[in-house]
Amino acid sequence: MSKVKLLANALQYMEENLDHEISTEDVAKNCYCSKSTLEKLFRCMNEMTVHDYLTRRRMMKAAKLLHEAPGLGILEIALTYGYGSNESFTRAFKQVWNCTPSEFRSRQRYSELFPRLLCPVKTGDSYMKRVDISELYDLFLQRKDCWFICCDIANLTRINAISFKAGDIAILETLKRLDSLTDPEDVVFRIGGDEFAILTHSSDPAYAEETAAKIQAQDDQPLIWEDITFPLRLHIGLTKPAVSNIQYQELFTDLHTAIENGRQK
């Protein structure tokens, strides 16, 4: 089995079993490979362990339920994703979202921080990470004349050199920044390791430019992690697809091209 096929099978199996108690060994067994082979490949491609990915995806599903089902008890949500107590669930949730489930439930907005991973695509000598944004496809078609604001974190490698946890906090704070500076009708979503996109509700380039300027103005706001202060700066680019029949890969490439253009400014 090729590495790409193995990774695809692992990601598919995990997504289908997020509400079941599965381990790294279970994933490897389903893919007909050893645990060490799977872990080595997964770390190389995704810079995290299989267990970390499972935890993050489960906490994304849990967060969505917290937002969309306010009448559902936190313990009930915890049990759904394999946690036997509020305490163990809260620890896992806080590790990902940096807040408790109760604190998250008070938020007015949900944006997926760790979307489902897809197999990376080889570009030259490296691989480009891809995430599943198919749930937004109908909205893309409805807003085919609207602008996208695309951004990524400047110097995330240096932040990760401080600590990978600091890098996770930088990604989380970026999402919070984008959520707080965009209109409720705009949709914020992640498109890669440290790349995000905002699908605006406007076909007016002035609106996209004004929103991008508000985001850029926050570059002076530092991020503090365990008494260490470092800048959280974003590269920003704007784009509007030139075709009416949006294809996933073409859109994904267009969004990343906008980010690359933003890096060069």
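Residues are numbered from 1 along each chain as its sequence is written, and side-chain values use heavy atoms, leaving out hydrogens and water.

- Strand β7 (residues 228-231) runs antiparallel to β6, and four bridges join the two; strands count as paired if DSSP finds at least two bridges between them.
- Across this pairing, Leu 223 faces Phe 230 of β7.
- Two residues separate β6 from β7 in the hairpin, and Glu 226 in the turn has a positive phi of about 50°.
- Asp 227 is in the loop between β6 and β7, and its phi, near 70°, is also positive in a residue other than glycine.
- Asp 227 has a relative accessible area of 79%, so it is exposed; with a 1.4 Å probe and protein chains only, exposed means over 50% relative accessible area, buried under 20%, and partly exposed in between.

**Another positive phi**

- Glu 47 sits in the loop between α3 (35-46) and α4 (50-68).
- Though not a glycine, Glu 47 has a positive phi of about 55°.
- Glu 47 counts as exposed because its relative accessibility is 61%.

**A buried arginine**

- Arg 190 belongs to strand β4 (residues 187-190), and it counts as buried because its relative accessibility is 7%.
- Leaving aside residues up to four places away in sequence, Arg 190 touches Glu 112, Leu 113, Phe 114, Pro 115, Val 131, Ile 133, Ile 171, Glu 195 and Phe 196; contact means heavy atoms within 4.5 Å.
- Phe 114 is 76 residues from Arg 190 along the chain, yet their C-alpha atoms are separated by 7.4 Å.
- A polar atom of the Arg 190 side chain lies 2.8 Å from the backbone oxygen of Leu 113.
- The Arg 190 side chain also reaches the backbone oxygen of Gly 192, at 2.9 Å.

**Aromatic pairs**

- Rings of Phe, Tyr and Trp (its six-membered ring) pair if their centres lie within 6.5 Å; planes under 30 degrees apart count as stacked, over 60 as edge-to-face and the rest as tilted.
- By this rule there are ten aromatic pairs.
- Phe 93 and Trp 97 are stacked, because their ring centres are 6.3 Å apart and their planes meet at 25°.
- These two residues are four apart in helix α6 (residues 86-97), so about one helical turn separates them.
- Both Phe 93 and Trp 97 are buried.
- Trp 97 also pairs with Tyr 110 in a tilted arrangement, at 6.4 Å centre to centre and 50° between the planes.
- That pair links distant parts of the chain, 13 residues apart: Trp 97 is in helix α6, and Tyr 110 is in the loop between α7 (101-105) and β1 (117-123).
- Ring pairs connect Tyr 83, Phe 89, Phe 93, Trp 97, Phe 104 and Tyr 110 into a cluster.

**Nonpolar cores**

- A nonpolar core is a set of buried Ala, Val, Leu, Ile, Met, Phe, Trp, Tyr and Cys residues joined through side-chain atoms within 4.5 Å.
- The largest core has 45 residues, and Met 59, Phe 93 and Trp 97 touch the most other members.
- Helix α10 (residues 164-181) gives this core its largest share, eight residues.
- Met 59 touches Tyr 83, Phe 89, Ala 92, Phe 93, Val 96 and Trp 97, not counting residues up to four places away in sequence.
- A second, separate core holds 40 residues, among them Met 14, Ile 22, Met 45 and Leu 139.

**How confident is the prediction?**

- The protein chain averages a pLDDT of 90, and 96% of the residues score at least 70; pLDDT is the predictor's confidence in each residue, from 0 to 100.
- Within the protein chain, confidence is highest in helix α11 (residues 205-216), at 96, and lowest in strand β2 (residues 126-131), at a mean of 74.
- Where pLDDT is low, the predicted coordinates should not be read in detail.

Note on methods
Predicted model: local features only at pLDDT ≥ 70, side-chain atom pairs only at ≥ 80, totals over all residues. Polar contact = N/O pair within 3.5 Å; in protein donor to acceptor, adjacent residues only side chain to side chain.
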